[in-house]
Amino acid sequence: MPDQLPNSQTPAPAGAAALSSGSSAKPLQFQQLQSCANTSARLGRVTTPHGSFDTPAFMPVGTQGTVKGILPDQLRAAGAQILLANTYHLMLRPGSAVIAQLGDLHRVMAWEGPILTDSGGFQVFSLADLNRITDSGVIFKSHIDGSMVTLDAAKSMAVQNELGADIIMAFDQCPSADAPPEMHRTAVDRTIRWAEECLQSHQRPREQALFGIVQGGTDAQLRAECAAKLVAMDFDGYAMGGLAVGEGFDAMQRMLAEGVGHLPSDKPRYLMGVGYPRDIAMAVASGIDMFDCVLPTRNGRNGHAFTADGPVRLRNSVHQRETGPIEAGCDCYACRNYSRGALRHFFFAGEMLGPILVSVHNIRFYQRLMADIRRVIGDGQFETFLREDPRCRLGSGVPMAGEETIAAADTVDD
Ligand SMILES: [Zn+2]
């Protein structure tokens with residue numbers, strides 16, 4: 001069982017309340033427990049009104065208010081301590097008012113621990129049929145019923161206030177990596193203006209922590225400017241947005257190395273939508289505390305399993321009579337109970353248990369990675385881990401021994 005489970009799902013309202021009322025009634029406390037002597041990696045703990053989570057942390061993604069096919073008990077058993085849900089999807093269906101009426105997102109997801117919602121910004125800019133973008137917001141066509149929907153800073157806050165997550169995100173504009181420089185400039189100007197509007201329209205600042213998002217593409221100066229202006233607004237935490245959107249590993253590493261230093265050390269730092277194990281390990285070394293990505297569940301549903309030796313595609317004929325588990329030594333439910341051959345059969349027979357079990361394994365793989373990262377930071381061995389652990393080389397498009405590359409995140413709906 002994961003080592004950090006005991007504190008993960010303790011609702012801990014008492015502790016959280018004590019922390020909140022003890023200081024300035026902040027909805028979030030970040031405690032830095034240890035830092036790496038040779039990199040910017042740090043071990044910490046974030047406490048919210050729904051309990052705490054250890055950092056560096058990985059958040060499984062529950063796009064529609066559920067992590068596809070996975071029960072909350074299974075998420076807890078896999079070591080997940082905080083989940084993410086998407087504002088864009090939930091505002092369109094069933095609508096935040098319905099979620100609020102059902103008792104908020106924690107009740108809908110049957111998850112008593114911390115939850116983070118994004119602002120809807122990333123998805124509206126990357127997925128939606130955009131009608132108009134102005135300095136005040138975005139008008140887009142709903143993919144559910146074709147109606148015209150407006151999303152702006154105030155609306156994003158109103159929706160996230162109703163959804164009721166512990167951590168909510170400021171509305172930002174995220175251009176693609178190859179957008180022209182003037183578009184990144186405009187996006188930063190809007191992101192800063194919208195961040196201010198989010199702070200002003202946030203109705204539950206004592207219950208929901210609000211994070212600002214740093215944009216600026218791969219322009220270090222623009223990122224520094226964006227970070228400085230957001231830091232002056234004093235958010236509860238900060239995210240690096242607009243990375244892992246096609247700029248490549250080296251550019252992302254450079255932006256993190258230059259960008260994280262502009263963020264205060266006493267607040268959590270979140271790298272949105274990242275990523276592969278190699279990206280996560282590198283970003284931890286740059287001082288990032290929080291991650292989310294659809295890869296473990298999306299790839300799991302497609303029969304692609306993560307292992308330390310490289311990706312395993314369970315539909316591959318080589319696994320037909322394989323009696324061993326997905327990954328030797330893995331303590332997840334799938335690896336303790338099922339052979340690769342059985343899982344392959346489930347995928348070919350169209351049985352839903354195949355996608356569920358491989359998702360369970362992949363979520364546990366990511367949580368084991370994070371638990372190991374936390375352990376080695378605590379032991380002062382993070383730099384050695386970064387150099388020697390094979391998981392720190394598992395990236396996009398990297399061919400691994402005996403198997404194909406990991407499937408890229410190429411669909412839009414989680
Ligand atoms: Zn496993």
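I note that the model is a predicted one.

**Helix pair.** I looked up helix H8 (residues 153-163) and helix H9 (residues 181-201), whose axes come within 8 Å. I recorded a crossing angle of roughly 45°. Since angles under 35 degrees count as roughly parallel and 65 to 115 as roughly perpendicular, H8 is therefore oblique to H9. The hand of the H8 and H9 crossing is right-handed.

I then asked which residues make the contact. From H8 I listed Ala 153, Ala 154, Ser 156 and Met 157. From H9 I listed Trp 194, Glu 197, Cys 198 and Ser 201. Sorted by class, the contact of H8 with H9 has 5 nonpolar, 2 polar and 1 charged residues.

**Sheet.** I next traced an open sheet of 3 strands, in the order S1-S2-S3, with antiparallel pairing. Strand S1 (29-35) and strand S3 (51-55) are the edge strands, each of them pairing on one side only. From one strand to the next, I noted that the twist averages 15°.

For the pairing of S1 with strand S2 (residues 42-48), I noted 6 bridges and an antiparallel run. I looked up the partner of Gln 31 in S2 and found Arg 45.

**Helix on the sheet.** Which helix packs on the sheet? I found helix H16 (residues 353-379), which touches S1, S2 and S3. The direction of H16 makes about 120° with that of S2.

Key: Residues numbered from 1 in each chain as written. Predicted model: local features only at pLDDT ≥ 70, side-chain atom pairs only at ≥ 80, totals over all residues. Axes fitted to C-alpha atoms, helices over the stretch in contact; angles between N-to-C directions. Helix = DSSP H or I, 4+ residues; strand = E, 2+ residues; numbered from the N terminus. Parallel < 35°, antiparallel > 145°, perpendicular 65-115°, else oblique. Left-handed = near helix turned anticlockwise from the far one by under 90°. Contact = placed C-beta atoms within 7 Å. Nonpolar A, V, L, I, M, F, W, Y, C, P; charged D, E, K, R; others polar. Pairing = 2+ DSSP bridges.
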